[in-house]
Amino acid sequence: MIKNSIKNMICGIFLFSSVSTFAQTETPEKRVTDLTALKISKGISLHIISPEPIQFVDLSTNNLTGDLPAENIARIKITAVSESDSTAAKQNIDLNDLGVITIVCQSYMAQYKVNYLDFKRDAVTNIQIQPEDMQPLEYPKLAFSNTELQKFSLDILRKKIVNKPIREVKSLKLTMQINNVYVVNDYIFLDMTFLNSTNLGYDIDAIKFSVEDKKIYKATNNQSIALNPVYQLYNQKQFTKNYRNIYVFKKFTYPNSKVMKIRLVEEQLSGRAIEMTVKYSDILNADTF
């Protein structure tokens with residue numbers, strides 16, 4: 001039990017650590033006999049739940065079919081064969097060898113051997129991928145998973161007290177402020193708060209980020225480059241009085257002739273909008289945590 005606990009702890013540290021630059025696999029190879037076995041029955045779907053978004057799923061035989069009903073759930077079942085199917089199709093379903101399920105996520109891969117179980121009442125209907133089944137993937141450069149970005153974002157909310165914002169604008173009884181900017185390796189975290197001093201709730205149509213020319217001589221000469229967050233902590237679409245969120249970007253730079261624009265746009269018909277200009281110095285002065 002002590003050995004299993006230590007192994008689980010090491011796997012957990014690997015998954016959520018932001019210190020290591022390169023991931024390394026636990027073992028040089030894995031055989032089918034080394035894989036965790038799952039038992040499923042005809043007519044019973046098995047749901048495999050991952051702690052982070054699933055990139056793709058590979059089913060090694062035609063005996064299994066599946067889909068992704070949610071970004072972190074793989075649904076697998078034995079391929080159904082009806083009486084109208086050809087003899088060849090029926091022969092392709094081998095209950096003695098259902099195959100191997102491979103699930104590839106952002107920072108790890110998990111594989112399972114699938115065995116057939118005759119008794120539906122004992123069949124497994126859902127499992128959560130455990131640390132001991134995670135084989136870390138190697139990346140040419142550090143890339144955080146959504147799970148890790150969520151952890152960093154929650155750390156900002158828990159540990160960082162909002163004092164005087166580094167940038168603030170007010171319009172139409174709305175306030176947009178950047179509480180602070182943080183950087184972790186190649187990621188930039190914007191800690192933002194939106195305030196509404198009216199009694200009319202605000203329905204968010206979009207929050208847009210872009211890099212634009214500082215001085216616009218003609219409207220046709222303005223060059224706007226959209227910046228899309230790789231992650232945001234909350235996907236809230238409405239707020240009454242205040243709304244705080246963390247927006248994460250891969251590292252970006254822009255010259256002094258340009259500025260970063262942030263626009264909060266309300267759904268029609270009201271269409272209240274507020275815009276903020278962010279200097280590059282605000283990004284360069286980012287904190288670490």
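Does Asn185 count as buried, exposed or partly exposed, and at what relative accessibility? At 45% relative accessibility, Asn185 counts as partly exposed, where buried means under 20% relative accessible area, exposed means over 50% and partly exposed lies in between, with a 1.4 Å probe and protein chains only.

**View 1. The whole chain, as a predicted model.** This is a predicted model, in which local features need pLDDT of at least 70 and side-chain atom pairs count only at pLDDT 80 or more, while totals for chains, interfaces and linings use all residues. Residues are numbered from 1 along each chain as its sequence is written, and side-chain values use heavy atoms, with hydrogens and water left out. The chain has four helices and 19 strands, taken as DSSP runs numbered from the N terminus (helices H or I of at least four residues, strands E of at least two). Buried residues make up 38% of the 289 residues. Of the contacts (heavy atoms within 4.5 Å) between residues at least 6 apart in sequence, 68% join residues at least 24 apart. The mean pLDDT, the predictor's confidence in each residue on a scale from 0 to 100, is 81 for the chain, and 80% of the residues reach 70 or more.

View 2. Over residues 1-26 pLDDT stays under 50, and the model has 38 contacts for them beyond four places in sequence. Where pLDDT is low, the predicted coordinates should not be read in detail.

**View 3. The open sheet containing β2 and β8.** Four strands form an open sheet in the order β4-β5-β2-β8, with mixed pairing. Its edge strands are β4 (64-70) and β8 (126-128), each of which pairs on one side only. From one strand to the next the twist averages 20°, with axes taken as lines fitted to C-alpha atoms and angles running from 0 to 180 degrees between N-to-C directions. Strand β2 (residues 46-49) pairs with β8 in the parallel sense over three bridges, two strands being counted as a pair if DSSP finds at least two bridges between them. Within this pairing, Ile48 stands opposite Ile127 in β8.

**View 4. Strand β7 and its pairing partners.** Strands of a sheet pair through backbone hydrogen bonds, either parallel or antiparallel. Strand β1 (residues 36-40) pairs with β7 in the parallel sense over five bridges, and Leu38 has Val114 in β7 as its bridge partner. Strand β6 (residues 99-105) pairs with β7 in the antiparallel sense over six bridges; here Gly99 stands opposite Val114, and a hairpin joins β6 to β7 through two residues. Strand β9 (residues 135-136) pairs with β7 in the antiparallel sense over two bridges, with Gln135 in β9 as the bridge partner of Met109.

**View 5. Lys113 in strand β7.** Lys113 lies in strand β7 (residues 108-116) and, at 26% relative accessibility, counts as partly exposed. Although Lys113 and Ile101 are twelve residues apart in sequence, their C-alpha atoms are 6.5 Å apart in space. Leaving aside neighbours within four places in sequence, Lys113 is in contact with Val32, Leu35, Thr36, Ala37, Leu38 and Gly99. The side chains of Lys113 and Asn115 are joined by a polar contact of 2.7 Å, a term that covers a pair of N or O atoms within 3.5 Å, of which, within protein, one must be able to donate a hydrogen and the other to accept it, and for which residues adjacent in sequence count only if both atoms are side-chain atoms.

**View 6. Helix α3.** At 1.5 Å a residue, the 14 residues of helix α3 (residues 146-159) should span 20 Å, and the end C-alpha atoms are 20 Å apart, which agrees; the expected span of a helix is 1.5 Å times one less than its number of residues. In α3, the residues Thr147, Glu148, Leu149, Phe152, Ser153, Asp155 and Ile156 are buried.

**View 7. Two loop residues with positive phi.** Lys173 has a positive phi of about 60° although it is not a glycine. Lys173 is found in the loop between β10 (167-171) and β11 (174-184), and is exposed, with a relative accessible area of 58%. Asn185, in the loop between β11 and β12 (187-196), has a phi near 55°, a positive value in a residue other than glycine.

**View 8. Arg272 in its loop.** Arg272 lies in the loop between β18 (258-266) and β19 (273-278) and counts as buried at 11% relative accessibility. A polar contact of 2.9 Å joins the side chains of Arg272 and Glu266. Not counting residues up to four places away in sequence, Arg272 touches several others, including Leu172, Leu174, Asn196, Thr198 and Tyr202.
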